[in-house]
Amino acid sequence: MSVAASDDATALLERSGALLHGHFRLASGRHSDRYVQKARVLEDPKDTVSLARTVASWYPRIDVVVSPAVGAIPFGFAVALAAGARSIFAEREGGAMRLRRGFVLRAGERALVVEDVITTGGSAQEVFDLVRSSRAEALGVAALVDRSTEVLAFPLRALLRVEATSWEPEDCPLCRGGVPVQSPGSRHLE
């Protein structure tokens, strides 16, 4: 059974303990009052596959799923499994997202970029551009959570839209208020 609506996805993320409130340093370096600890929902394969089936159902045919390494790989793999597609990932090398490990995109393949959480959209944009430059057909970007605040330059569909304010560290009111910042993600920025 797949997750049918944003309300269902919200309930699943809340039940898993993935939606957090407080003062957080995001992977982008920005600070926020809300954080999505996606690993908490992705630790349950049944829930992950349920969410992935919903994403796969949005597209009539997917030949390959491309995810930015490393956080989005499990969700991208689950979407590929649900769609009957290949699963590959792009890695940062020399400051740019690249396909390595023998991964290739073939001209005309219907390729979906799958991201876990979109905040600035930087990594998703790089992978989307990588897909387009390969002459594959870029279907867009699908994400578990969209928490972006700016207009994105790629088509995006997300299971859940999280309205969360984020600030550059020097503009953060939580820092000014002396609220300790947490870095719950896998990238701890200085």
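**Reading a predicted model: a tutorial**

Tutor: The structure holds zero disulfides. Please bear in mind that this is a predicted model.

Student: Which cysteine sulfur is nearest to that of cysteine 172, and how far away is it?

Tutor: Cysteine 172 is in no disulfide, and its nearest cysteine sulfur belongs to cysteine 175, 3.8 Å away. A disulfide requires the two sulfur atoms to lie within 2.5 Å, so the 3.8 Å between cysteine 175 and cysteine 172 is too far for a bond.

Student: Is cysteine 172 buried or exposed?

Tutor: Cysteine 172 is buried, with a relative accessible area of 1%. Cysteine 175, at 34% relative accessibility, counts as partly exposed.

Student: How should one check the length of a helix, for example α3?

Tutor: One compares an expected span with the distance between the end C-alpha atoms. Helix α3 covers residues 45–57, and at 1.5 Å a residue its 13 residues should span 18 Å. The C-alpha atoms at its ends are 18 Å apart, which agrees.

Student: What is found at the start of α3?

Tutor: There, a side-chain oxygen of aspartate 44 comes to within 2.9 Å of the backbone nitrogen of lysine 46.

Student: Which residues of α3 and α5 are buried?

Tutor: In α3 they are Asp47, Thr48, Ser50, Leu51, Ala52, Thr54, Val55 and Ala56. In α5 they are Ala124, Gln125, Val127, Phe128, Leu130 and Val131. The cover over the buried residues of α5 includes β3 (64–68), β4 (86–93), β5 (96–99), β6 and β7.

Student: How many residues does the largest nonpolar core have?

Tutor: It has 30 residues, and those with the most contacts inside it are Leu13, Leu51, Phe75, Val79, Leu112 and Val145. Elements giving two or more residues to this core include α1 (6–15), α3, α4 (73–83), β6 (110–118) and β7 (137–146). Apart from it lies another core, of 18 residues, among them Leu130, Ala136, Ala143 and Phe154.

Student: Which residues does leucine 112 touch?

Tutor: Setting aside residues up to four places away in sequence, the contacts of leucine 112 include Val55, Tyr59, Ile62, Val79 and Leu139.

Student: What is the strand order of the open sheet of three strands?

Tutor: The order is β1-β2-β9, with antiparallel pairing. Because β1 (19–25) and β9 (166–167) stand at the edges with a single partner strand each, one side of each is left without a neighbour in the sheet. Five bridges join β1 to β2, residues 31–36, and leucine 20 stands opposite tyrosine 35 in β2.

Student: Where is the cis peptide bond?

Tutor: A cis peptide bond joins alanine 69 and valine 70, with omega about 5°. Valine 70 is placed in the loop between β3 and α4.

Technical notes. Residues are numbered from 1 along each chain as its sequence is written. This is a predicted model: local features need pLDDT of at least 70, side-chain atom pairs count only at pLDDT 80 or more; totals for chains, interfaces and linings use all residues. Side-chain values use heavy atoms; hydrogens and water are left out. Helices (H or I, at least four residues) and strands (E, at least two) are DSSP runs, numbered from the N terminus. The expected span of a helix is 1.5 Å times one less than its number of residues. Buried means under 20% relative accessible area, exposed over 50%, partly exposed in between (1.4 Å probe, protein chains only). A polar contact is a pair of N or O atoms within 3.5 Å; within protein, one must be able to donate a hydrogen and the other to accept it, and residues adjacent in sequence count only if both atoms are side-chain atoms. A nonpolar core is a set of buried Ala, Val, Leu, Ile, Met, Phe, Trp, Tyr and Cys residues joined through side-chain atoms within 4.5 Å. Contact means heavy atoms within 4.5 Å. Two strands pair if DSSP finds at least two bridges between them.
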